[in-house]
Amino acid sequence: MGPWPNDPQGPQARAIADLYWILFGAAVIVLAIVVGALVVAGLRFRERPGHVARQYHGHNLLELIWTVIPTLMVITFAVLSFQRLTYINDVDSGAAMTVKVHARQWVWTFEYPQEQMFKTNDGYLQGAEELHIPVAQKVKLDLDSTDVIHSFFIPGLGGKKDAVPGRETALWVQADRPGTYKGQCTEFCGTGHADMLITIVAQNQADYADWAGKAVAKANAITDPETKKGQQLFLSLACAGCHTVKGTTAGGKVGPDLTNIAVRNTIAGVLSPVNDANLKKWIGNPPAVKPGTIMPNLGLDQPTIDAIVKYLLTLDGK
Ligand code: CUA
């Protein structure tokens, strides 16, 4: 992190920030010249008794100057902008890997590439809310949405792209240094919009391989098919957008950490003990159990609830 939270942390953000400062600098210079000329004109050439102002109408040199200079400026800014647009929109060339990003109300989920390091026993690594990328490498993100328009934006890394239902869009991200970069859905998408956070964790090669290895091992540790299904549902539905399960790819920060839910005493502080029946009651309709809770009724069907609860009951923090 630089002195300001949104200092550019990658090449794309830098390209945008540089252009911004060029435009800002030019605007300040133009403002100074125009205001300066106005003040001088007002002081020296204002109307006074016995003084007739000189007339400049039809003055070729002056008209040429104030036509040509702004035209050159506009052309320069247009060229600089198009250069950067081309750079930003070039999602493919030099990309080290492609991650599929799915937006839904109100969570971002990720499908890591079909490469050996992400391979689990029954597919490839998936995640929610927290995206891990290798540092100093261009990573392409393919975006889609299952419901409404969302927008993927990590200010520090630059670039912003809408996720649109029925259409594929793409952007790329690259981080200069290892670190955690925060982002947010920037298209109003319903009541949970403000909670639709994004975290990108950039890691050096060794840490990245280590993280992937552990996440794959954790995914493989579950062998029972229904529990497995529950985990997949947990990660792909809205759950993982709000809740963290340490050691998995669920990193939501809005709701409580569920890493050891199975060995806790209460659910949401109102239902006790933590068991199959109480968990099902809670997930089936949280506001009915605890009026005013921010956890919405997701309208899940019974088999889905059963599978998720089965998975949750395996979470003992170990
Ligand atoms: Cu998704 Cu706002």
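Reader: How many aromatic pairs does the structure hold?

Author: This predicted model holds 10 aromatic pairs.

Reader: What makes Trp21 and Phe24 an edge-to-face pair?

Author: Their ring centres are 5.7 Å apart and their planes stand at 90°.

Reader: Why is Trp21 called partly exposed?

Author: Its relative accessibility is 48%. Buried means under 20% and exposed over 50%, so Trp21 falls in between. Phe24, at 41%, counts as partly exposed too.

Reader: Which residues make a nonpolar surface patch with Trp21 and Phe24?

Author: Tyr20 and Val28 complete the patch, whose area is about 430 Å².

Reader: Why is the pair of Tyr87 and Trp172 called edge-to-face?

Author: The ring centres are 5.4 Å apart and the planes are at 85°; that angle is over 60 degrees, so the pair is edge-to-face. Tyr87 lies in helix α2 and Trp172 in strand β10, so the pair ties together parts 85 residues apart in sequence.

Reader: Is Trp172 buried or exposed?

Author: Trp172 is buried, because its relative accessibility of 2% is under 20%. Tyr87, at 36%, is partly exposed.

Reader: How do you know that the charged end of Lys160 sits over the ring of Phe153?

Author: The charged end is 4.7 Å from the ring centre. The distance cut-off is within 6 Å, together with a limit of within 35 degrees of the ring normal, and Lys160 counts as sitting over the ring.

Notes:
Residues numbered from 1 in each chain as written. Predicted model: local features only at pLDDT ≥ 70, side-chain atom pairs only at ≥ 80, totals over all residues. Heavy atoms only, no water. Patch = residues over 30% accessible without salt bridge, like charges linked within 9 Å, V, L, I, M, F, W, Y side chains within 5 Å. Areas by Shrake-Rupley, 256 points an atom, 1.4 Å probe, with all protein chains shown as cover. Salt bridge = Lys/Arg side-chain N within 4 Å of Asp/Glu carboxyl O. Phe/Tyr/Trp six-rings, centres within 6.5 Å; stacked < 30°, edge-to-face > 60°. Buried < 20%, exposed > 50% of the residue type's maximum accessible area, 1.4 Å probe, protein only. Helix = DSSP H or I, 4+ residues; strand = E, 2+ residues; numbered from the N terminus.
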